[in-house]
Amino acid sequence: AGVVLGPSLLSRIQRVKDFFIQASAAKYYQFFSFVCRMLFMFSIGLETDVPYLRRNIRVVSIVAGGGSILACLFGGPFFWLLIKVFNVTKERFAFYLLTLTVLANSASPIVIRMIAETKFDTADLGRMAIYSSLVNEMSCVTIVSTLKAFSSSGRFGGAILITLVTVAVIFVNKYLSYFFNKRNQNNRFVSNKEIFVIMFLLTCLALYAEWVGYTAIFCCFLVGLMFPREGKTARTLLHKLTYSVNTFILPVYFGYTGFQLDISNIFNKLTLALTVLMILVSVGTRIVGTLAACHYLMIPWNESVILSLLLCLKGNYDLILINTNPNPNMVWAADLHDFLLTVVVLNTLIIGPVAAILLNREESSAQYPTILEILNPESELRILACVYVPRHVSGHVSLISALGGCPTAPIKPYMVHLVELPKKRKSKLMYHQLEDGDQYSDEEEYGGNDVLEINDALDAFISETKILVHQSKIVASFLTINEDVCNGAEDLRVCIIFLPFHKHQRIDGKMENSMEEIRAINQKVLRHAPCSVGIFVDRGQTGFQQPHGSQCVQNIAILFFGGPDDREALACSKRILMHSKVNLTVIRFLHKTTASRSSNSWINDASQKDEEVIMAISNIGTENEIDNAFVETFYNRYVAQGRAGFVEKYVSSGQETVAVLREIADSYSLFIVGKGGRGTCPLTSGMSDWEECPELGLVGDLLASSELDISGSILVIQRHRHSEAEGGFLDD
C-alpha cells in the first residue's frame, strides 16, 4: 500500500503528491515512524518468550549467524564495487557498516507479523524464525553501535550514558510495576495515568538515544524484555499495546517503508544492474548460510527453506541506517540513498509473498503432538486450562504446578476464562462518560468480579512459582463455546486440555452440582477436541494441593487398567513424578489368571531406550502387548531408578476392583485414571450399574461418586481419539 501511495505510482499525480508530500511532511513522517518503532519494539520485548529463548539460544544463534556471516564475507568485495560506482570518498567506515547491515540484517517486526498472521507463532518453526530474526537484528544493532562508539570518543561517552540510563529505566520499571500492582489490588487494570508514567520514561529514553546519535530500538526492546511479567501492570500494557500495535502501528510503519520507494531512480542501467546484483547477493548468501546452519542442526529441509526465506526479509534497522546521516555535517548522496532504499524495499516485496505462500502451505500440512504418550518427557508441554469461576483456578494451577516442577521439562501453560455471552448489555454509556480505567473493549465488561479474582489468584501463583501462565478470555454462548475452546487449542498447538468438573466440593466435603452447562460443554469438547483432554474433579479442601511452596509431600496414584486412555494417564504421570514434592505410585490392575506371571519376568533392563520401545509398540498387534511394553519402559526408566512406586493388584471382577479402590481411598490426594478405551474389560464388569457421569468413564465416575466417599481429587484423561490417523509421530 505504501508503494502504491508513494512516488512510484499515485504520488506522481500532482494532487496526490501535494497532499502526501508537503513541506514539513518528511520530519512529521520520520517522527511518527520513531514513535511507532519505539512502541512496537517495546511490545516485542514484552511478549518475548524468555524461557524458550534461554533454552534454545544456541540453536537460534546458529541459525541467525549462518546467513549473516556469509553475507559479511561477500559484503567486502561488494563494498569496494559500490565505492567505485558511487564515488564514496568520505565516511567509508560508516558506509561499510551500512552495506554489511543491508546484506546481513533481518527485519524482526516483519518476520513476527508474518508468522503471527499465518498462526505459526505457537509452532517450533515460527518461534525459531521469530527469535532468529530478533537475535540477528539485535546483534546487528549492537555490533554497529559498538563500532561507532569506538570510532569516536564523543560517541563512546554517549554509548556509556545510554547504557546507564537504560539500566536505570529497567530498575525503575521493576519498582513501578510492583508499586502499581500493590496500589490497584481491587482493580482489574492499572489506570491510564500509571501507564502514562511508564510510557513517558520509555519515550525519554528513546529520545535521548536518538539525540545522542544511536537508534533506540535496542533500548526499547531491552526495557520490554526486562519488564516484570506478573501482575496488573504487565497485563494492562499487553492489553493496550497488542491490539493497537498489530492493527494500527505496524501497518502504518510498514506502509511508510514502502512509501519511501521511488523506482524512477533505478531506471539507469548501471543502477538497475547493481540493484539486482545486491538483491541476489543478499538473498543468496542468506539462503545458503541458513541452509548450511540448518543442515548442521539437522532441521528438516522444508523448514530450513522457510527459515532462510523469512530471514531474508528487511525493512527495519537497515532503513534507519539508510535514513541516518553519517555525521551532522554530511548526508548520503541522493543516488546512493535511493539505491540502498530500493534494494531493501524490493527485497522484501519479492521475498515476502514467496515466504507467505510457503508458510500457508506448511500450515495446512503441519503436524504437532496431540497426545502425551508420544511426547518426549523433557520436551515442552503445552497445556490449555479452562475455568468458569474463581474456585476452578486453584485446582488447575495445582495441576500446572505439579507438571512444571522440573526445570529440564519445560511447560507452557495457557488459562482461558470461559464467560457466557449475555443476551443484552446493561450499560449504554458513551466512551467519554466512562470512568478512568474503564475505556476498554466491551468484552472486558463480561465476567464481572470473577475476572478480578481469577487475575489475583494467577498473579499470586506466578509470583510464587515463577511459572508464567498466559491468560485469555472467551466470551460466547455456552451452546457453541466448545468450538472456541477446540479452535483455541488447535491454534495454540496444546497437547492436553484441562476442564473443570461440573460439581464442586461443599464445606462439609460433599460434592454439589453447580453448573449443569459445564457438563454439556465437557461432553462436546471430549468428542471434538484436537488433542487429549483431562477432566479435573477438584476436592481442594481435602484433596490435591499445589506442590510448589507446600511443606508436605503429595501422594498421587495412577490407576492403570489398560488401553490407550490409561497409557495417556501414565504418560502424564511422567511429568508429575519429576516434582520434588510429589510421591507417585502406579497401581496396575491385572486379572488373577495372569498372577502366575511375575512382574520381575519383564523388568530386567533399566537402560532400555525409549526409541526401541516405541519401535516395538508400532509392531505389536494387541492392546495388551502394547500396555505391557509401555508399562515396562516406564518401570525401567522411573520405578527402577527409585523415582516412582509400582504395585500390582490382581482382581477378577468389578466388585473386587471396587474393594481395592476402597482400601486405597484415603491414601492418596490425587487419583489419575484413563477415561476408557479398554473395550470389554472383566476388571470393570458390573461397575456401569451405578454410572452417573459417563464423561468420566467407569472408574472415574465411581471415584467421583458418593459410593466410595474418597477425599482425594481425581483427574480423568482421554487420549486424543484421532491420533491414530496421525501415525507420522510414531514413525518419527
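Predicted model: local features only at pLDDT ≥ 70, side-chain atom pairs only at ≥ 80, totals over all residues.
Residues are numbered from 1 along each chain as its sequence is written, and side-chain values rest on heavy atoms, with hydrogens and water left out.

A search of the whole structure identified 19 salt bridges, a salt bridge being a side-chain nitrogen of Lys or Arg within 4 Å of a carboxyl oxygen of Asp or Glu. One of these pairs glutamate 117 with arginine 113, with 2.7 Å between the closest N and O atoms. Both residues belong to helix H7 (residues 108-117), where they are four residues apart, about one turn of the helix; helices (H or I, at least four residues) and strands (E, at least two) are DSSP runs numbered from the N terminus. Glutamate 117 is exposed, with a relative accessible area of 58%, while arginine 113 is buried at 16%. Here buried denotes under 20% relative accessible area, exposed over 50%, and partly exposed the range in between (1.4 Å probe, protein chains only).

A further salt bridge links the side chains of aspartate 124 and arginine 127 at an N to O distance of 3.2 Å. These two residues lie three residues apart, about one turn, in helix H8 (residues 124-151). Arginine 127 is buried, its relative accessible area being 4%. Glutamate 380 and arginine 382 likewise form a salt bridge (3.1 Å, N to O), and both residues are buried. Through shared partners, salt bridges unite Asp49, Arg55, Asp124, Arg127, Glu380, Arg382 and Lys412 in one network.

Serine 43 is located in helix H3 (residues 25-47) and is buried, at 3% relative accessibility. When residues up to four places away in sequence are not counted, serine 43 contacts Leu241 and Val245 (heavy atoms within 4.5 Å).

Two cavities of 30 Å³ or more were found in the whole structure. A cavity is a set of points, on a 1 Å grid over the protein atoms alone, where a 1.4 Å probe fits but cannot get out, and lining residues have an atom within 4 Å of a point. The largest cavity has a volume of about 60 Å³, volume being the space filled by probe spheres set on the points, which are joined across faces, edges and corners. Its lining comprises Leu372, Leu375, Asn376, Pro377, Ala571, Lys574 and Arg575.

Conventions. 1 Å grid on protein atoms, 1.4 Å probe; cavity = no way out; pocket = protein on both sides within 12 Å on 5 of 7 lines; lining within 4 Å.
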